[in-house]
Amino acid sequence: MMHVYFGVFILLQTHLPGYVEKAAALKAKGVEVIACIAVNDPFVMEAWGKAHNADGKASFFVSSRHLCGIFTNIY
């Protein structure tokens with residue numbers, strides 16, 4: 001079982017598209033989960049996934065611990 005995780009601080013056009021385009025090839029090689037972890041709210045993450053047609057190709061997770069830590073300087 002393999003997973004691909006990538007994290008981003010800001011959602012940019014360059015991070016997700018490559019994973020979405022290559023999702024079938026990655027899954028054919030045994031990757032079960034492609035996950036994007038970002039410091040954004042869930043609504044932004046959902047919209048970003050929809051905008052890039054990532055439904056069924058990548059999962060999105062919010063790093064709320066780091067979101068709080070960045071703005072309060074507490075980790």
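Modeller: A residue counts as buried under 20% relative accessible area, exposed over 50%, and partly exposed in between (1.4 Å probe, protein chains only). By that rule Phe60, with a relative accessible area of 23%, is partly exposed, whereas Trp48, with 9%, is buried. The model is a predicted one, in which local features need pLDDT of at least 70 and side-chain atom pairs count only at pLDDT 80 or more, while totals for chains, interfaces and linings use all residues. Residues are numbered from 1 along each chain as its sequence is written, and side-chain values use heavy atoms, with hydrogens and water left out.

Let us begin with the pair itself. A search of the whole structure finds one aromatic pair. Rings of Phe, Tyr and Trp (its six-membered ring) pair if their centres lie within 6.5 Å; planes under 30 degrees apart count as stacked, over 60 as edge-to-face and the rest as tilted. The ring centres of Trp48 and Phe60 are 5.9 Å apart and the ring planes stand at 75°, so the arrangement is edge-to-face. Trp48 belongs to helix H3 and Phe60 to strand S3, so the pair ties together parts of the chain that are twelve residues apart in sequence.

Helix H3 spans residues 42-51, and strand S3 spans 59-62. Such helices (H or I, at least four residues) and strands (E, at least two) are DSSP runs, numbered from the N terminus. The chain as a whole has four helices and three strands, and their order along the sequence is β-α-α-β-α-β-α. Of its 75 residues, 29% are buried.

A salt bridge, meaning a side-chain nitrogen of Lys or Arg within 4 Å of a carboxyl oxygen of Asp or Glu, is found once in a search of the whole structure. The partners are Lys50 and Glu46, whose closest N and O atoms are 3.3 Å apart. Both residues lie in helix H3, four residues apart, which is about one turn of the helix. Lys50 is exposed, at 58% relative accessible area, whereas Glu46 is partly exposed, at 46%. Side chains of opposite charge can pair when their charged atoms come close.

Between helix H3 and strand S3 runs a loop, and Asn53 lies in it. Asn53 has a positive phi of about 50° although it is not a glycine. Most residues other than glycine have a negative phi. Asn53 is exposed, with a relative accessible area of 57%.

We may now turn to the interior. A nonpolar core is a set of buried Ala, Val, Leu, Ile, Met, Phe, Trp, Tyr and Cys residues joined through side-chain atoms within 4.5 Å. The largest such core has 13 residues, and the members that touch the most others are Phe6, Leu16, Ile34, Cys36, Ala54 and Ala58. Strand S1 (2-8), strand S2 (31-38) and helix H3 each contribute at least two residues to this core. Strand S2 gives the largest share, four residues.

Ile34 shows how separate stretches of the chain meet. Contact means heavy atoms within 4.5 Å. With neighbours within four places in sequence left aside, Ile34 is in contact with Val4, Phe6, Tyr19, Ala23, Leu26, Lys57, Ala58 and Ser59. Val33, in strand S2, is partly exposed at 27% relative accessibility. Under the same exclusion of neighbours within four places, Val33 is in contact with Met2, His3 and Val4.

Lys29 and Met2 are 27 residues apart in sequence, yet their C-alpha atoms are 8.9 Å apart. Lys29 is located in the loop between helix H2 (23-28) and strand S2, where it is exposed at 66% relative accessibility. For the chain as a whole, among contacts between residues at least 6 apart in sequence, 68% join residues at least 24 apart.
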